[in-house]
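Welcome! Here is a short briefing to read alongside the sequence and the 3D view.

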Amino acid sequence: MDFKLNEAQTALKKEFDDFFSAEMKDAPKEYENSGFDTQYTNDETWEFHRGMQQKLAEKGWLTMAWPKEHGGKDASIIDQLLFNESHAHHRAPGIDGFGMKMFAPAVMLFASDEQKERILPPIANGEVAYCQGWSEPNSGSDLASLKTSAIKDGDYYVVNGQKIWTTGAHRADHMFLLARTDPTEKRGRGLSVFNVEDMNAPGIEVRPIEFMNGSHFYNEIYFTDLKIHESNLIGSENDGWAQTRATMNFERSGVGGFVSAKLAIKRLVEYAKTTKRDGKALIENAVVRQKIAKLFIDAEIGRALAYRCAWEQEKGNMVVSTTMASESKVFGSELSQRIAYFSTEIMGLYGKLESCDIAPLDGAMVDSYAMCMGGTIAAGTSEIQRNLIAWTGLGLPRFN
């Protein structure tokens with residue numbers, strides 16, 4: 001691989017960086033320690049996110065890698081990666097990770113022409129916000145075992161059941177829903193995908209799940225005789241598992257996570273340079289230097305994985321890129337854990353302080369430490385990702 005950018009790519013990256021540098025000067029303070037869910041923190045962060053979403057849509061950057069027939073620019077996957085990298089570097093919001101990155105590509109692949117014309121433009125224009133109706137209390141990692149039902153009754157499907165860990169459902173306008181349309185079938189067979197047009201429709205109840213620190217990102221969703229018109233069934237009935245597996249591949253690129261990792265390591269270096277123990281700066285401690293260096297090397301390795309994944313996709317090698325996406329996901333989420341663990345280790349008792357005058361890095365590592373275990377569970381556990389690597393990448397047999 002040649003990591004050098006050509007002249008056009010260099011100019012494009014500078015355009016991205018200049019835009020985000022200017023826009024993020026007006027960002028709410030919560031974005032200083034931004035994570036994926038910061039946009040949901042409060043009304044101010046949400047409004048800033050939606051405003052950024054509109055500006056990105058006006059520039060055509062939300063859909064730059066979409067086909068022109070759907071309002072995109074047919075930009076290369078590498079150009080899209082450069083955008084994602086810059087977006088992450090500046091801790092910027094504005095991307096609907098569920099509607100833009102997951103549901104829209106699936107609509108392009110599986111939906112009817114009428115559905116594409118109806119569903120895609122509002123996403124492309126930054127007019128809507130989606131959430132993801134997948135996980136259930138007993139069907140998280142084993143998603144194929146889900147029980148939420150959608151039974152056909154005339155022109156409608158009647159939905160009953162429960163979803164959990166639904167990020168941003170209290171802010172979303174729409175949901176893409178995976179439900180069981182054939183209750184006689186088990187696991188992946190008998191599942192279908194739906195576009196839920198109104199999160200305020202009768203039959204939908206959203207209940208908050210609050211974090212230990214009082215933050216509200218996740219939710220439980222209860223469906224009681226929710227009616228979804230048959231025109232919002234995506235693709236064929238009972239073909240939802242194939243769509244879901246394709247959607248999983250769209251979700252996992254990884255470069256943003258490694259950019260965030262490098263930003264965290266950079267802040268850790270500054271802390272080690274400016275904090276003294278026994279009269280010496282922490283950075284002078286050989287063990288501290290070695291551990292930080294190892295974390296930085298891992299972040300660079302992860303960035304190389306993400307670039308190669310995009311490069312393979314650019315060449316149309318989807319089997320290899322799917323495997324590498326799983327590699328990137330495992331490596332990235334576990335790297336985030338190592339950074340959080342080591343950061344709180346060298347901070348000692350101060351590392352447990354939330355935002356205050358004496359909290360290291362304004363308490364940023366408290367949330368990172370509390371959240372890092374979830375990173376190896378959300379979007380597919382490390383164990384499942386390693387199985388996918390073994391099956392698709394190494395050709396090893398599946399368990400019977």
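**Overall build**

The protein chain has 11 helices and 10 strands, where helices (H or I, at least four residues) and strands (E, at least two) are DSSP runs numbered from the N terminus. Its radius of gyration, taken over C-alpha atoms, is 22 Å, close to the 21 Å that the globule rule gives for 400 residues, so the chain is as compact as a globular protein of that length. That rule is 2.2 Å times the number of residues to the power 0.38.

This is a predicted model: local features need pLDDT of at least 70, side-chain atom pairs count only at pLDDT 80 or more, and totals for chains, interfaces and linings use all residues. Residues are numbered from 1 along each chain as its sequence is written, and side-chain values use heavy atoms, leaving out hydrogens and water.

**Size and packing**

- The C-alpha atoms fill a box of roughly 75 × 50 × 50 Å along the principal axes.
- Of the 400 residues, 49% count as buried (under 20% relative accessible area, with a 1.4 Å probe and protein chains only).

**Nonpolar cores**

- A nonpolar core is a set of buried Ala, Val, Leu, Ile, Met, Phe, Trp, Tyr and Cys residues joined through side-chain atoms within 4.5 Å.
- The largest one has 76 residues, and Leu56, Trp66, Phe83, Phe103, Ile123 and Tyr130 touch the most other members.
- Another core lies apart from it, with 19 residues, including Met175 and Phe194.

**Charges**

- There are 44 positive and 55 negative side chains, counting Lys and Arg as positive and Asp and Glu as negative, without His and the chain ends.

Conventions: Buried < 20%, exposed > 50% of the residue type's maximum accessible area, 1.4 Å probe, protein only. Charge placed at Lys NZ, Arg CZ, Asp CG, Glu CD.
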